[in-house]
Amino acid sequence: MSKHQLIVTILGTDKSGILSEIATTVSEAQCNILDSRQAIYGKEFSLTMIIEGTQSAITKAECILPALFQRLDLLSMMKRTSHHEKQNLAHLFNVEFSGEDAAGLIKAVTGFFAERHAMISAFRQRTFKDKTSGKDNMRCKFVVSLPSNENVDALESDLMALFASLN
């Protein structure tokens, strides 16, 4: 029997037990959670997951999950999708950079990776005042998944050249 998949994205106030209630409801629909990502932002959280099941199980999930989300006061979106492939962790890299904060930095770095068909799976930026100069500085961290055919040494060299040109 063919498997179908559903992407579910949820936003709301972080409370203990939410994930447990969602997992229970997904299980009651006879579906499995294939992959999920959760982030906490202060008192708020976001959760995106891919669930899998038969066509009738996915349809049941589409019908019963909204009632749960409404009861838990969560915003949600769902979309059927094609086959999900897990991220290739062999080509996953952490990228960090810092310097004086300026308009266009993030655009330049994200554009650099987009041109190389790399996927940014996580991003965090922090801004702060430099205690010595009083200038606004920033520190960024990315988790990037590179295509398997990408030359890592050349990419690193190009990335360092980009950083040098930006600061």
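Good morning. Helices and strands, as I use the words today, are DSSP runs numbered from the N terminus, a helix having at least four residues and a strand at least two. With that in place, I may say that helix α4 gives the most to the lining of the second largest pocket, with 6 residues. Please bear in mind throughout that this is a predicted model.

Let me stay with that pocket. Its volume is about 180 Å³. Which residues come closest to its centre? Of the 13 residues in the lining, these are N94, V95, L155, E156 and L159. Two elements, β5 (92–100) and α4, each give two or more residues to the lining of this pocket.

Strands of a sheet pair through backbone hydrogen bonds, either parallel or antiparallel. In this model, 3 strands make up an open sheet in the order β5-β7-β6, with antiparallel pairing. β5 and β6 stand at the edges with a single partner strand each, so one side of each has no neighbour in the sheet. On average, neighbouring strands of this sheet are turned by 10° against each other, direction ignored. The pairing of β5 with β7 (residues 136–145) is antiparallel and runs over 9 bridges. For one point of reference along that pairing, E100 has N137 in β7 as its bridge partner.

I turn now to the salt bridges, of which the structure holds 7.

The side chains of E21 and R71 form a salt bridge, with N to O at 2.5 Å. E21 belongs to helix α1 (residues 18–28) and R71 to helix α2 (residues 55–71), so this pair ties together parts that are 50 residues apart in sequence. Are these two residues buried or exposed? E21 counts as partly exposed, because its relative accessibility is 30%. R71, by contrast, has a relative accessible area of 57% and is exposed, the cut-off for that class being over 50%.

Helix α2 also takes part in a second pair. E62 forms a salt bridge with R80, and the closest N and O atoms are 2.7 Å apart. Since E62 lies in helix α2 and R80 in strand β4 (residues 75–81), the pair ties together parts that are 18 residues apart in sequence. E62 is partly exposed, at a relative accessible area of 26%. R80 is likewise partly exposed, at 30% relative accessibility.

D158 and R116 form a salt bridge in which the closest N and O atoms are 3.6 Å apart. This pair links distant parts of the chain, 42 residues apart: D158 is in helix α4 (residues 152–166), while R116 is in the loop between α3 (105–115) and β6 (119–129). What of their accessibility? D158, at 37% relative accessibility, counts as partly exposed. R116 has a relative accessible area of 18% and is therefore buried, as that class requires a value under 20%.

Methods: Residues are numbered from 1 along each chain as its sequence is written. This is a predicted model: local features need pLDDT of at least 70, side-chain atom pairs count only at pLDDT 80 or more; totals for chains, interfaces and linings use all residues. Side-chain values use heavy atoms; hydrogens and water are left out. A salt bridge is a side-chain nitrogen of Lys or Arg within 4 Å of a carboxyl oxygen of Asp or Glu. Buried means under 20% relative accessible area, exposed over 50%, partly exposed in between (1.4 Å probe, protein chains only). On a 1 Å grid over the protein atoms alone, a cavity is a set of points where a 1.4 Å probe fits but cannot get out, and a pocket is an open set with protein on both sides within 12 Å along at least five of seven lines; lining residues have an atom within 4 Å of a point. Grid points are joined across faces, edges and corners, and a volume is the space filled by probe spheres set on the points. Two strands pair if DSSP finds at least two bridges between them. Axes are lines fitted to C-alpha atoms, for helices over the stretch in contact, and angles run from 0 to 180 degrees between N-to-C directions.
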